[in-house]
Amino acid sequence: MSYKHGIKNAKLHSTMKRNKPTATGEDAFLEKALPGTSAKVMRLREEVKVINAPANRPLAKAILLDGESGTGKNHLARVLAAHTALLLSQGPDQEAILENWETYGRNQLTAILVPGIPATILEAELFGAKRGSYTDLKTDRDGAFAGEGAFILLDEIGDCPMDIQTKLLHVVDTGTYRPLGGEDTQTEKRILLATNRDLRTLVGQGKFRQDLLWRLDTRLTLPALREQPENIGPLIASIYEKHAAAYENSLVTLPTLSAKEIAWAKNYGWPGNIRQLDRALAQFMIRSGKVSLADIASEQEHHFASPPPTEACTLSSDLYANKAVGSLNNALKRELRTTRQAILAWYDECRPDNAVLRKVFPENKPSSVRAKLSQWRLPAEAT
């Protein structure tokens with residue numbers, strides 16, 4: 001049984017109703033990249049069109065992507081990047097982007113996980129540094145603003161240090177950035193700032209600049225999965241097909257989802273949103289359908305529940321606030337836990353291929369990286 005036949009048998013496309021025929025390649029792309037028929041998703045597709053329209057790009061240089069954890073902010077960033085490439089292409093190039101849009105999206109996007117980089121390094125990562133601007137820097141170092149691609153994604157912007165926020169405000173206001181030890185340099189990059197936190201609350205706590213928040217009036221909000229149950233069917237179809245493609249050349253009979261399980265999925269709250277649904281379907285296929293989606297979701301909630309609020313705070317923020325962090329050994333263990341969680345979240349969201357893994361972890365084989373991540377997912381007592 002082929003994976004396409006499996007999708008048909010599971011009746012995964014039963015809810016994918018079209019209101020009108022696709023008029024353009026742009027519509028086809030957005031329906032493929034942002035599947036669903038709910039009012040919120042259709043509005044989101046229209047907002048992407050408006051924000052990325054050539055005439056509007058100069059006025060939409062900084063775009064806030066907000067929504068709960070797991071709703072797909074990194075995915076939406078890739079959609080925006082690939083959509084921009086699509087609008088700048090013609091004919092066969094458009095067809096290539098439609099066929100493999102995620103690759104184009106990644107190529108046009110430089111993603112930076114803000115809390116994953118020490119504050120002392122973040123500035124150089126973003127803006128670059130000139131030779132001699134700090135100790136042992138023997139050559140000029142390019143930052144994200146000098147790299148390739150049309151977009152920079154700053155993930156978890158709510159954790160950005162205040163001095164870096166000031167420099168980002170300068171970029172948004174002037175269209176220029178300044179490398180460490182250098183002069184103002186023009187940039188055409190557009191900045192995507194992603195967060196699942198309430199930036200207004202952070203402003204009140206003195207952790208986010210009010211004037212920067214004012215500049216983020218261009219906003220795309222991703223709805224939680226529980227707010228759009230009518231989209232769960234199309235999302236299952238899209239995710240199933242994506243995962244099934246990995247089995248295309250294997251002599252494997254893929255499991256199919258029953259109508260009962262799809263109905264269950266539509267009524268389940270999915271606290272981990274699309275990320276949880278994605279991983280649940282992957283596990284369903286890995287386990288050959290012998291474990292139900294309901295049982296997999298229950299396991300997910302047990303093993304991968306969010307850590308307590310105290311764990312969610314970065315060690316750096318606690319140190320600068322002069323809060324007690326326990327012994328040095330405990331502080332190191334806590335930072336190790338946070339780093340592992342950040343890497344796992346990145347891997348689950350971006351699903352990097354071997355080429356990306358070699359670039360990100362040049363000293364490790366992709367197979368070794370995947371083995372280590374699998375080990376990290378085991379319960380603490382097993383590791």
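Modeller: In this predicted model, rings of Phe, Tyr and Trp, the last by its six-membered ring, pair if their centres lie within 6.5 Å.

Biologist: How many aromatic pairs does this rule count?

Modeller: A pair of aromatic rings is described by the distance of the centres and the angle of the planes. With the 6.5 Å limit on the centres, the count of aromatic pairs comes to 6.

Biologist: Is the pair of tryptophan 264 and tyrosine 268 stacked or edge-to-face?

Modeller: The ring centres of tryptophan 264 and tyrosine 268 lie 4.7 Å apart, with the planes at 15°. Planes under 30 degrees apart meet the criterion, so the pair of tryptophan 264 and tyrosine 268 is stacked.

Biologist: And how are the rings of tyrosine 268 and tryptophan 270 arranged?

Modeller: Here the centres of tyrosine 268 and tryptophan 270 are 4.6 Å apart and the planes stand at 80°. Because an angle over 60 degrees decides the class, the pair of tyrosine 268 and tryptophan 270 is edge-to-face.

Biologist: Is tyrosine 268 buried or exposed?

Modeller: The limit for burial is under 20% relative accessible area, and tryptophan 264, at 28%, counts as partly exposed, while tryptophan 270, at 0%, is buried. Tyrosine 268 has a relative accessibility of 15% and therefore counts as buried.

Biologist: Which strands are at the edges of the open sheet?

Modeller: The open sheet has 5 strands in the order β2-β3-β6-β1-β7, with parallel pairing, and its twist averages 20° from one strand to the next. The strands that each pair on one side only are β2 (109-113) and β7 (219-221).

Note on methods: Residues are numbered from 1 along each chain as its sequence is written. This is a predicted model: local features need pLDDT of at least 70, side-chain atom pairs count only at pLDDT 80 or more; totals for chains, interfaces and linings use all residues. Side-chain values use heavy atoms; hydrogens and water are left out. Buried means under 20% relative accessible area, exposed over 50%, partly exposed in between (1.4 Å probe, protein chains only). Two strands pair if DSSP finds at least two bridges between them. Helices (H or I, at least four residues) and strands (E, at least two) are DSSP runs, numbered from the N terminus. Axes are lines fitted to C-alpha atoms, for helices over the stretch in contact, and angles run from 0 to 180 degrees between N-to-C directions.
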